[in-house]
Amino acid sequence: METYTQKKIAVINDISGYGRCSLTVAIPILSVMGIQSCPVPTAILSNHTEFPVYFFDDYTAKMRDYIGKWKELGLTFDGISSGFLGSAEQIEIVLEFVEHFRDEHTHIFIDPVMGDHGRLYATYTEEMCEEMKQLVGYADVVTPNVTEACFLTGTPYKDSGWTRKELLNMAMMLQLMGAKSVVITGVREGSFYTNVVLEQGCREASYVKVKSAGNQRPGTGDVFASVLSGAVLNGKSLRDATEMAAKFVRDCITKSDELDIPHSNGVCFEEILGKLVKR
Ligand code: PXL
């Protein structure tokens, strides 16, 4: 059994060469927060799928061999996070990974990257939705956006006009599916984005409101999930971690608009990464 004082997280996510999302966001953010990130690639893309064309190489067939070596080496992790998954079988692989590597201290972060603006991503199938419902049951923290929360709970989607009661109901449904704590991200409330935080054992949610700084962009969910997992591993409460993540995303959007970064290029988080440095 290894013993390290620095925290380590296995990051199960894709690598997209252009557009700033998934691993190209997670690794630098976790590093600057003082955490060792250990990627498990799920797919290799030339760029994310919100561009009109993309090359997509599914890594499912290789993942069990890749993970098998980690098992042989007896590696251990303080955290496991999963993001974009490219096939239904891959979701099974993540379930197996969690079953094998978790112990009573491991934090499991499941970001059910399925879609946005009421629609599933181009690569997402019905079968994957069903598998994802199971994976959510293993989460210590699940971080869906509103679209994903709707797909997971069978709730009709709407762009705006969510009541707190409706949001709390969705978060409770996700807990009934097995997730310990739930953070529903980026709910538009007037000129604010609200994040609904329902912690394990709580009957009431807390609502982390951050003034909107501009439109959400591709990859903001990945930035949010990375900061949140890093902050929780560094000992912050889920509410404080949510606030840190939401404010960092807001600042990324402000900076990207200031620098006139095209929408599809995501957020230029690199410019303000220093704000996350662990002191
Ligand atoms: O940001 C989520 C994400 C991750 N990975 C890939 C994506 C997207 C969103 O479009 O296409 C490949």
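Tyr-66 counts as partly exposed, at 27% relative accessibility, where that term covers the range between buried (under 20% relative accessible area) and exposed (over 50%), taken with a 1.4 Å probe and protein chains only. The model is predicted, so that local features need pLDDT of at least 70 and side-chain atom pairs count only at pLDDT 80 or more, while totals for chains, interfaces and linings use all residues. Residues are numbered from 1 along each chain as its sequence is written, and side-chain values use heavy atoms, with hydrogens and water left out.

**Aromatic pairs**

- Rings of Phe, Tyr and Trp (its six-membered ring) pair if their centres lie within 6.5 Å, and planes under 30 degrees apart count as stacked, over 60 as edge-to-face and the rest as tilted; by this rule there are 9 aromatic pairs.
- Phe-56 and Phe-84 form an edge-to-face pair, because their ring centres are 6.5 Å apart and their planes stand at 90°.
- Phe-84 is buried at 7% relative accessibility, whereas Phe-56 is partly exposed with a relative accessible area of 28%.
- Tyr-59 and Tyr-66 also make an edge-to-face pair, since the ring centres lie 6.3 Å apart with the planes at 85°.

**Aromatic cluster**

- One aromatic cluster is formed by Tyr-59, Tyr-66, Trp-70, Phe-77, Phe-97 and Phe-101.

**Charges over rings**

- A charge sits over a ring if NZ of Lys or CZ of Arg is within 6 Å of the ring centre and within 35 degrees of the ring normal.
- Arg-188 lies over the face of Tyr-193, at 4.9 Å from the ring centre, and Lys-209 lies over the face of Phe-192, at 4.5 Å from the ring centre.
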